[in-house]
Amino acid sequence: MLENLKSKINQIENSFNLIVNDIDSKEMINKVKVQFLGKKGEIAELYKILKDLPLEEKKIAGQLIQSLERNIEEKIEDIEQQLDKKEFEKILQNEWIDVTLPSEFFKTRPLFSGHLSPISSFIHKIQDIFLSLGFTIADGPQLENEYYNFTALNIPENHPARDLQDTFWMTNGLLLRTHTSPIEVRMMQKLSAPLKLIAPGRVFRNEATDASHENTFYQIEGLMIDKDISVSNLTYFTKIMLSQLFETDVKVRLRPGYFPFVEPGFELDFECLICHGKGCPVCKNVGWVELVGCGLSHPEVLKEGGIDPEKWSAFAFGLGLNRLVMMKYAIDDIRWFESGDLRFFYQF
Ligand code: PHE
């Protein structure tokens, strides 16, 4: 009986070895699995015969069957792994993409080449002007805290001036900065006096939008701290900037303006370049466009920045970049900037 079983085992081993090298698909693997390892497969048959053997022979035969079973399992596992690998390589070969190729989108617009948005190129121009005047370029976080956005700028809690700048509050108590002025105190604390800097950046106001109001826009902050700074320093630097930017004679006017962080405070207006003072949607029919809030830094703000207001004085301004770009290119609606409409951006 044992000999009989042994020769059966050999037979099965041989027939497995005969077909094993031809396996080249998952379907075939499954077939072979069923044939040899399945519930009614060849190995299962051997175990059936085993039952009828005497105890001593059972031990020997059992080991032989087990080792055959293990061999077959291991081989099949090997083959499965090889097949997986081959399949993966095939996918790699057929499905790779060249990420450096131009996209379908640009194929239909062959003349378009990347360029800066008009806001960015204005920031660069203004930076160049102020760098040549010895100013530093500073930056600050868009997600600000109440202290830098309000308190440090002499706007105490419950002061109505906080309502002038409708604020996007986060649930964690932080806010989206409503102006670039928080960068002033941050930099005073960091760099101390004397100090000349400009700080461009994106700012946010929670207010209804129309042709001249947007919830997301850009400002450039300017700050100059030195001995005996006066309003004439302020007008000199803003005039230089505007004349270089517009390369044309632009009418400006300075009128009193209220900002808690400057004293005295001013609004610097442009005569509207779109309607030349006649009145249009951009200037809300007044012929002038508010461009810069400015003034001499309030002593409390300097103190907050760790600077002695008895020794030092400063001017500061905050310039609305979108309106400047609108003037330059006669854009009649501020909402174009955040619209994401490429027809708008292709024009620059
Ligand atoms: N931060 C002010 C605003 O956004 C502008 C400003 C800056 C005014 C600096 C005075 C001095 O309206």
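Helices and strands are DSSP runs, numbered from the N terminus. In these terms, the secondary structure of the chain, taken from a predicted model, comes to 13 helices and 9 strands. With a radius of gyration of 39 Å, well over the 20 Å given by the globule rule for 348 residues, the chain is more spread out than a compact globule. Along the principal axes, the C-alpha atoms fill a box of roughly 115 × 50 × 40 Å.

The ligand takes up the space of the largest pocket. Around the ligand there are 14 residues, of which His179, Ser181, Arg205, Gln219 and Gly318 come nearest. Sorted by class, this shell contains 6 nonpolar, 5 polar and 3 charged residues. Three strands, β5 (216-226), β8 (288-297) and β9 (313-320), each supply at least two residues of the shell. The largest share comes from β9, with 3 residues.

Most peptide bonds are trans, and most residues other than glycine have a negative phi. A cis peptide bond is found between Ala193 and Pro194, with omega at about -10°. Pro194 belongs to the loop that runs between α9 (182-191) and β4 (195-204). Another cis bond leads from Glu263 to Pro264, where omega is near 0°. Pro264 is placed in a strand, β7, which comprises residues 262-271. Asn154, which is not a glycine, has a positive phi of about 65°. This asparagine, Asn154, is located in the loop between α7 (146-149) and α8 (161-164).

Conventions:
Residues are numbered from 1 along each chain as its sequence is written. This is a predicted model: local features need pLDDT of at least 70, side-chain atom pairs count only at pLDDT 80 or more; totals for chains, interfaces and linings use all residues. Side-chain values use heavy atoms; hydrogens and water are left out. A residue is near a molecule or strand if one of its heavy atoms lies within 4 Å of it. On a 1 Å grid over the protein atoms alone, a cavity is a set of points where a 1.4 Å probe fits but cannot get out, and a pocket is an open set with protein on both sides within 12 Å along at least five of seven lines; lining residues have an atom within 4 Å of a point. A molecule sits in a cavity or pocket if more than half of its atoms lie within 2 Å of its grid points. Helices (H or I, at least four residues) and strands (E, at least two) are DSSP runs, numbered from the N terminus. Ala, Val, Leu, Ile, Met, Phe, Trp, Tyr, Cys and Pro count as nonpolar, Asp, Glu, Lys and Arg as charged, and the others, Gly among them, as polar. The radius of gyration is taken over C-alpha atoms; the globule rule is 2.2 Å times the number of residues to the power 0.38.
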